[in-house]
Amino acid sequence: MNSAVALQTTLPILIPLISGALSLVLWRSRQLQRGISVLGTGALMIASVWLLLSVYADGIQVMYAGNWPAPFGIVLVADLLSSIMVMLTGITGLATAVYSLATISKKHEHYGYYPLMHLLLAGVNGAFLTGDIFNLYVWFEVMLVASFALLILGGERAQMEGAIKYVTLNLVSSAIFLSAIGLLYGLTGTLNMADLAVKLADHQDNPMVQVIAMLFLMAFGIKAGAFPLFFWLPASYHTPRVAVSSLFAGLLTKVGVYALFRVFTLIFPLGDSLTRDLLLGMAGATMLVGVLGAAAQFEFRRILSFHIISQIGYMLMGLALYTPLAIIGGVFYIIHHIIVKSNLFLISGLIYRLQGSYDLKQLGGVWRSHPMIGVLFLIPALSLAGLPPLSGFFGKFIVIKAGVEAQQWWLVGVALLVGLLTLYSMTKIWAEVFWKELPEGAAAPAQQRGGTSLMVITIVALSTMTVLIGVAAEPVYKLAEHTASQLLDSQAYIQSVLGVN
Amino acid sequence: MSTLLATAVGVLYATAIYLILRRSIVKLVIGLVLLSNAANLLIFTSSGLTRYAPPLIPEGSDTVLNGIVADPLAQALILTAIVIGFGVLAFAVVLIHRAYEVVKADDMDQMKDTDT
């Protein structure tokens, strides 16, 4: 192990931890905390790009903590999926940090918004990079504790109500995850994911393996917001500050999706198992129920929250079909989704700043007053619905093509229908917020604090990225292709971690 | 012994789930406490109960351990999980206290504003 590898794989965790600690030390100075938040997330993004480039060039990077050899110590493993996720965390983190400068009030900054944001990013990156299943649990908890505190920052009634559901269901999920780890350790005597993959190959006939796989499916299904385990998500995501919502929407459920991808390609390869059929059903139901939930809503962020759920369905569909093309589609979809979803939440915050409400019935006339915001909304909205040439089209196209090849016709039908309903939902927002006249007695605009230029810059940057992923889909597709072949070739992962044997 | 512990784990899970399904948020938190303890006890039980030597290498000896010794890793896992569970529990208790102050009811049915 050379020091460059050690630095590459630990920096995405260390940078947010250090920025968080510095923000705590400089508790009294808001200005310094704001500076650190932008510099820290900027540095995180640079470090994550460095990691992705070197993983792309040199293959899987492994860091042995404390130089303990592989199955005994904790390892950090950066393969392409991990480094892509870390890079997306960097992008979302930087976007949220810049956006927060214009939207987070003094009161919230005083409650410790910035240290918590950094801690959340550290937890998310740790979960993406670790190669040890118990360590994954620990990073999940780091991330959860930070998200709990961010969720109730401000202490309004809706936040408390949302947080009780969020906290309860996430703790139940953690308990299931921990139980699964306990049973797995009892069965195999190891916690290293690569070693688990090797050891479990000897236990194929043991029914306990299936039980443990189901426990993992439930635990990560709750975290990912999959059907029928998603109820905490629409109850809580619309309650905190919009920058927090955006960060959660972009990253938290995707950690669950990442864990599902990791566990069900490496430790319990799906093959033709019962788990795969179950996952296929879950994927279809998640898509459909999410989008139907969105159609019934009239609150901007609640519509977007339900759409997170329906989009998770497409990613699960990519995993559940378990063909190389489907995994490519799933990875492509994750890349597209994180950027688009964060962006849509940021736009809802911008409209809140202008008109003082998230309720579609209270909003209107934005197209007449701010046509540019209309254009900025259309890019991610149409991308979410899957219109070419935006990023969402290619994500949906690959996943659905994989479904056709696997002859899962009902799932393909559901995926196409959900695309149409997503478009309906987005046109609803468009008609209500942008075209309709501003209704009588609408809410007063939110109290102004600073300009909206920082908000607009962030949204423009993320929208540009969406267009770029769509227009230059081929390099992204190539990246997703490499990622998928790495995921499906678990031998390479095992050899990089355990050494050649 | 492991049958006894396994029964205890089962009872703990059942009680925890029952309490989590109650309407009272105080009972909900007690349920969460029991749930994390059930998971801890499950790790302890499933990693094997060993009635033999502790995993200690005598001073001055450079050999590895031989014979059957207890596995210390499971206890390390439980210790970590207890610490995490304690931290999260402290948060949950403060949360239900604040929620009680804001909503003025110890009843999940009074907390449905964000659901619709």
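This is a predicted model: local features need pLDDT of at least 70, side-chain atom pairs count only at pLDDT 80 or more; totals for chains, interfaces and linings use all residues.

I call a residue buried if 20 or more other C-beta atoms lie within 10 Å of its own, with C-beta atoms placed from the backbone.

**Chain B**

By that count, buried residues make up 29% of the 116 residues in chain B. I looked up its elements next: three helices and zero strands, running α-α-α from the N terminus. The radius of gyration of chain B is 20 Å, well over the 13 Å that the globule rule gives for 116 residues, so chain B is more spread out than a compact globule. Along the principal axes, its C-alpha atoms fill a box of roughly 65 × 30 × 20 Å. I also checked contacts in chain B between residues at least 6 apart in sequence, and 56% of these join residues at least 24 apart.

**Where A meets B**

I find 28 residues of chain A in contact with 30 residues of chain B. On the chain A side, H6(A), H7(A) and H10(A) are the elements that give two or more residues. H7(A) gives the most, with 18 residues. By type, that side of chain A divides into 17 nonpolar, eight polar and three charged residues.

**H19 of chain A**

This helix covers residues 453-471 and reaches 26 Å from its first C-alpha to its last, close to the 27 Å expected. Which side is buried? Met455(A), Ile459(A), Leu462(A) and Ile469(A) are among the buried residues of H19(A). I noted that the cover over the buried residues includes H3(A), H14(A) and H20(A).

Conventions: Residues are numbered from 1 along each chain as its sequence is written. Chains are lettered from A and ligands numbered from 1 in the order in which they are written. Helices (H or I, at least four residues) and strands (E, at least two) are DSSP runs, numbered from the N terminus. The expected span of a helix is 1.5 Å times one less than its number of residues. A residue is buried if 20 or more other C-beta atoms lie within 10 Å of its own, exposed if 12 or fewer, and partly exposed in between; C-beta atoms are placed from the backbone. Two residues are in contact if their C-beta atoms, placed from the backbone, lie within 7 Å. Ala, Val, Leu, Ile, Met, Phe, Trp, Tyr, Cys and Pro count as nonpolar, Asp, Glu, Lys and Arg as charged, and the others, Gly among them, as polar. The radius of gyration is taken over C-alpha atoms; the globule rule is 2.2 Å times the number of residues to the power 0.38.
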